[in-house]
Amino acid sequence: MSRTPASQGHLVIVGGHEDREGDKPVLQRFVELMPRGKGPLFVMTAATEEPEQAWQTYEEAFKDLGVSDLRPLHVGQREHANDPALWEPVRQARAVFMTGGDQKKLISVLGGTRLCEVLRHVYIERAACIGGTSAGASALSEHMLAEVGEKDNPLTADVRLTAGLGFMLNAVIDQHFSQRGRLVRLLAIVAHNPKLCGVGIDENTGLVIARGRGIEVVGEGAVTLVDGRDMRTRIVSSGEAQEVFRVCDVGLHLLPAGDRLDFASADDSAREESGYSPKLQSLVRLLVGEDAVDTQFRGE
């Protein structure tokens, strides 16, 4: 996907454990998508308990990729996120990258704050590139996984969602996807919430959202999309005094690294000939919808 006009921002949603020492394909693409001009790249460490260590890791990685104006964004408490001394410089950002850690901690610190409003402003008005890895990735969607028992059968567990940051609508994101065998968990999430698209992102893999235009998969793994719009579910007995979801007619799309779906580069028939079915195209349009994101962020 070529660089888009300055009016369009990008999200780079990373499944965790991205390469930070070798070729760094995911971080390299993040840097390439930063808009031209002046402005810093901020590394936000709000999700981690070791902010200085996280900052040093990404400072070295991004400097290796040629970024000169690079600054830490340590946000330990909500009052920090509402302090003009912290959020005012972010208004000039070309990019913000959120590290991994605890996604619930990240939301509790950042959600509904002045800094969060500034991030939305630079994404829409300055076409900034907003990225996140692992917990930082999960928090970028409108809805975020809050709790599910890893040791339980995901179809019997109490799957709970909470509000995310809302940069990506109509979706819930799961990371470390193939490496931790989370397909059944994502199916359970969509079974509970069929209006949402389940987005599973492998490690060292990034899903790029070009706002209002399309998607791209970068890195070495794949992105899995679970489409529940035509799904049929039913609660049935498991035979052990438990109830599980029967899930039928689910759309499943596996997009490997290198895949691009750009609505500005070809007509619908050409994309369909390339293997992108009408259902996949309509699903991606929901994920990248420009007007919906603008309306939500501007409170219209």
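Predicted model: local features only at pLDDT ≥ 70, side-chain atom pairs only at ≥ 80, totals over all residues.

Colleague: Great. How many helices and strands does the protein chain have?

Modeller: The protein chain has eleven helices and 16 strands, taken as DSSP runs numbered from the N terminus (helices H or I, at least four residues; strands E, at least two).

Colleague: And what share of the residues is buried?

Modeller: Of the 300 residues in the protein chain, 53% are buried. Buried is under 20% relative accessible area, exposed is over 50%, and partly exposed is in between, with a 1.4 Å probe and protein chains only.

Colleague: Which residues have the most contacts inside the largest nonpolar core?

Modeller: Those are M44, L115, I130, M168 and V199, in a core of 56 residues. Helix α6 (residues 114-125) gives the most to this core, with seven residues. Apart from it lies another core, of 22 residues, M34 and L65 among them. A nonpolar core here is a set of buried Ala, Val, Leu, Ile, Met, Phe, Trp, Tyr and Cys residues joined through side-chain atoms within 4.5 Å.

Colleague: What does V199 touch?

Modeller: Setting aside neighbours within four places in sequence, V199 has contacts (heavy atoms within 4.5 Å) with residues including M168, I173, L186 and V223.

Colleague: Switching topic: is Q103 buried or exposed?

Modeller: Q103 counts as buried because its relative accessibility is 15%. Q103 lies in helix α5 (residues 103-110), and its side chain makes a polar contact with the side chain of Q175 at 3.3 Å. A polar contact is a pair of N or O atoms within 3.5 Å; within protein, one must be able to donate a hydrogen and the other to accept it, and residues adjacent in sequence count only if both atoms are side-chain atoms.

Colleague: Nice. What about E272, and why does it count as partly exposed?

Modeller: E272 is in helix α9 (residues 268-273) and counts as partly exposed because its relative accessibility is 44%. Beyond residues up to four places away in sequence, E272 touches P278 and Q281.

Colleague: Last one: which residues of α1 and α2 meet?

Modeller: L27, F30 and V31 in α1 meet Y58, A61 and F62 in α2.

Key. Residues numbered from 1 in each chain as written. Heavy atoms only, no water.
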